[in-house]
Amino acid sequence: MKRIISVVSILLFAVVAAYSSGYNVGDKATEFKLKNIDGKLISFSNFYDAKGFVVVFTCNGCPYAQAYQDRLIEIDKKYKLKGYPVIAINPNDPALAPDDSYDKMVSVAKKEGFTFPYLTDEKQEVYRQYGATRTPHVYVLQKKGSDFVVQYIGAIDDNHQDATKVTSPFLANALDALIAGSMPEPATTKAIGCGIKDKRKK
Amino acid sequence: MKRLILILISFLFVSQTLSSKVPDTKRIRVLNYDQLEPYLNFRNDTVYLVNFWATWCAPCIAELPAIKAVEEKYSDKKFKVLLVSLDMLGHLKSRLTPFVLSHKITSDVFLLDDPNQNRWIDKVDKSWSGEIPFTLIYGKDFRDSYTQQFDFKTLDSIINRKIKMP
C-alpha cells in the first residue's frame, strides 16, 4: 500500500511538474485537438505531410500580437511549402479579455486574411502544457518518427515596431536551420508580450 | 500682521506642495535599455519597485491604483516607484502622456524604447519570459520578481516586510 501511495505521489508530482514548467527545447510535444474558427477540430494529424509545426500562442487584442499578424501570414505562406505550417492558438479567457472571444477570433482571421488555423484553447490546458506565458509566444516542433520534438521557443524576430528594421528573424532562422538539417541557434529567445489571461493566475 | 504672514506662509507652502503633485509630463523620459539599467541596480538603503507596464495592458492598468496607494502609504519611507512603460514610441504623446495626466500618476515614468528585447529581458531578470505586467522589487540585499497582477493587500505586505528588513 505504501508503495502504491509513493508511486502515485511520484506520478502526481511528475504531472504537476510537467504542467507548471512547460516545454523545454528537446521535449516531446503532446498532441492536442482544438476547435478552429470554422468549427472543426484540428490536430497534428490533419497535416499528414508536415515535417513539423510553428505553434504560436497569440490573440486578437494584444498590440504585440497584432503587430505580428502580417509577419505570421508570411511565415506560414513560405514555410508550409517546406513542411512547417503555422498553427495559431488563442489561450486567453474571453471572460477576462473580451476582445479574445471565439466570435472575434473568427472576424479577425477573416479581416486579416489568416492563411493558417486559428484555434481556441477553451479549457486553457494546452498553453499551460506548453508553458506559454505571453502572446505572441512561438514553439517550433519537428517531427521525428511519430514524435513532435520542440526545437525552438520564443520570439518571431527582434523588432515588433518595424518589420523593415528586423536584424535577427529568429523564427525564420530556426526554421531554415531545421530544414537544412541543423539545430536552431539560438534555440530560445525572449520578447515582450501580453500576459496570458487566466483566472487561475490571480 | 504676524498672523497674516503666517497665513501667507502656510498658503505658499500648501500651493507649493500641491503644485509638486501635478505630474510634469516632460519627465516621461524615453530611454533605451542601457540608459535604464542603472535604475534597476541601485545599491543603497532604498527599496525600489520597478513596474513594467503599458497603457494597452489591461491587467497593468488594473494594478496601478494598488501601486499608487502603496507609494503614498510609504511616502515617508525609503521606498521609490519607477514605472517603465512599454508603449510604442509613437504613442508617447497620443496615449502615454494623456494617461499619466488623467490618472494623476506622480511616480517617475520612463518609456523604454528598445525593440531588441531578446538582448535585455534576461538582464532585467533571468526568470522573466517577457510578459507584462512584470514587477521587480529590489534593495541592497534582495531582488524579487513578480508576474502577477497585484492587489493592494499583497503589495502592501511585501513592501512593509522589505522596508522593515534590517
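How far apart should the ends of the 13 residues of helix α6 of chain B be at 1.5 Å a residue, and what do its end C-alpha atoms show? Helix α6(B), residues 152-164, should span 18 Å, and its end C-alpha atoms are 18 Å apart, which agrees; the expected span is 1.5 Å times one less than the number of residues. This is a predicted model, in which local features need pLDDT of at least 70 and side-chain atom pairs count only at pLDDT 80 or more, while totals for chains, interfaces and linings use all residues. Residues are numbered from 1 along each chain as its sequence is written, chains are lettered from A in the order in which they are written, and side-chain values use heavy atoms, with hydrogens and water left out.

**Helix α6 of chain B**

- The buried residues of α6(B) are L155(B), D156(B), I158(B), I159(B) and K162(B), where buried means under 20% relative accessible area, exposed over 50% and partly exposed in between (1.4 Å probe, protein chains only).
- Seen down the axis of α6(B), these buried residues fall within an arc of 165°, so they line one face of the helix; the arc is that of the directions from the helix axis to the C-beta atoms.
- The face turned away from the buried side of α6(B) carries the exposed residues K153(B) and K164(B).
- The cover over the buried residues of α6(B) includes β2, α3, β3, β6 and β7 of chain B.

**The sheet of chain B**

- An open sheet of mixed pairing is formed by 6 strands of chain B in the order β1-β4-β3-β2-β6-β7, where two strands pair if DSSP finds at least two bridges between them.
- Strands β1 and β7 of chain B stand at the edges with a single partner strand each, so one side of each is left without a neighbour in the sheet.
- Strands β6(B) and β7(B) run antiparallel and are joined by 4 bridges, and L136(B) stands opposite S145(B) in β7(B).

**Q117(B) and chain A**

- Q117(B) lies in helix α5 of chain B, residues 117-124, and counts as buried because its relative accessibility is 6%.
- Leaving aside neighbours within four places in sequence, Q117(B) is in contact (heavy atoms within 4.5 Å) with Y64(A), H160(A), K190(A), A191(A) and I192(A).
- The side chains of Q117(B) and H160(A) make a polar contact at 3.3 Å, a term for a pair of N or O atoms within 3.5 Å of which, within protein, one must be able to donate a hydrogen and the other to accept it, and for which residues adjacent in sequence count only if both atoms are side-chain atoms.
- Chain A has 6 helices and 10 strands, which are DSSP runs (H or I, at least four residues, for helices; E, at least two, for strands) numbered from the N terminus.
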